[in-house]
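The entries below follow the order in which I worked.

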Amino acid sequence: MIKNKLKVSHILYSSLGGASNVVFSLVDNNKHKFYDENLIFTGPNFLKDFKEKVKSVNVKYKFIKTFKFFQFLSWLHLV
């Protein structure tokens, strides 16, 4: 058993892109829980597909809604 686990946060755009496929395959392959993972979704909306995938892999996640020209204000939720 590992006492001090690494913490990994993946930042994903929540609407389009193939990066989510890579991240979910990494999450699926972490079966021995060598590190704690968090997913941070950002974008104008949060798709149902991502909600279902996150629930199926049982990972902590957060959605940060961004607005055009005001993305920097949305990141204050993480602090």
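Which residues make up the largest nonpolar core? I worked on a predicted model, and I listed Leu12, Val23, Phe24, Val27, Leu39, Phe41, Phe46, Phe50, Val54, Val57 and Val59, 11 residues in all. I then noted that α1 (19-28), β2 and α2 (48-57) each supply at least two residues of this core. For background I recorded that nonpolar side chains tend to be buried together in soluble globular proteins.

I looked up Phe24 and, leaving aside neighbours within four places in sequence, found contacts with Leu39, Phe41, Phe50, Lys53, Val54 and Val57.

Entry on the overall fold. I counted three helices and three strands in the protein. Along the sequence I read the pattern β-α-β-α-β-α. I found that 29% of the 79 residues are buried. Among contacts with a separation of 6 or more, I noted that 53% join residues 24 or more positions apart.

Entry on confidence. I recorded an average pLDDT of 80 for the protein, with 80% of the residues scoring at least 70. Confidence is highest in strand β1 (residues 6-13), at a mean of 88, and lowest in helix α3 (residues 71-74), at 60.

Entry on Glu37. I placed Glu37 in strand β2 (residues 35-43). Is Glu37 buried or exposed? Glu37 counts as buried because its relative accessible area is 9%, and the cut-off for buried is under 20%. With which side chain does the side chain of Glu37 make a polar contact? I found the partner to be His10, at 3.2 Å. Leaving aside neighbours within four places in sequence, I listed Val8, His10, Leu26, Val27, Asn30, Val59 and Lys60 as the contacts of Glu37.

Entry on His10. I located His10 in strand β1. The C-alpha atoms of His10 and Glu37 are separated by 7.6 Å, while the two residues stand 27 residues apart along the chain. Beyond four places in sequence, the contacts of His10 include Val23, Leu26, Asn38, Leu39 and Ile40 as well as Glu37.

Entry on Val8. Val8 and Asp36 are 28 residues apart in sequence, yet I read a C-alpha to C-alpha distance of 6.1 Å. Not counting residues up to four places away, Val8 touches Tyr35, Asp36, Glu37 and Asn38.

Entry on the largest pocket. I noted about 210 Å³ of space in the largest pocket. Which residues line this pocket? I listed Lys7, Asn30, Lys33, Tyr35, Asp36, Glu37, Asn38, Asn58, Val59 and Lys60. The largest share of the lining, four residues, comes from β2.

Entry on Asn58. I placed Asn58, one of the residues lining the pocket, in the loop between α2 and β3 (60-65). Asn58 counts as exposed because its relative accessibility is 66%. I also noted a positive phi of about 60° at Asn58, although this residue is not a glycine. I set beside this the general rule that most residues other than glycine have a negative phi.

Note on methods
Residues are numbered from 1 along each chain as its sequence is written. Side-chain values use heavy atoms; hydrogens and water are left out. Buried means under 20% relative accessible area, exposed over 50%, partly exposed in between (1.4 Å probe, protein chains only). A polar contact is a pair of N or O atoms within 3.5 Å; within protein, one must be able to donate a hydrogen and the other to accept it, and residues adjacent in sequence count only if both atoms are side-chain atoms. Contact means heavy atoms within 4.5 Å. A nonpolar core is a set of buried Ala, Val, Leu, Ile, Met, Phe, Trp, Tyr and Cys residues joined through side-chain atoms within 4.5 Å. pLDDT is the predictor's confidence in each residue, from 0 to 100. On a 1 Å grid over the protein atoms alone, a cavity is a set of points where a 1.4 Å probe fits but cannot get out, and a pocket is an open set with protein on both sides within 12 Å along at least five of seven lines; lining residues have an atom within 4 Å of a point. Grid points are joined across faces, edges and corners, and a volume is the space filled by probe spheres set on the points.
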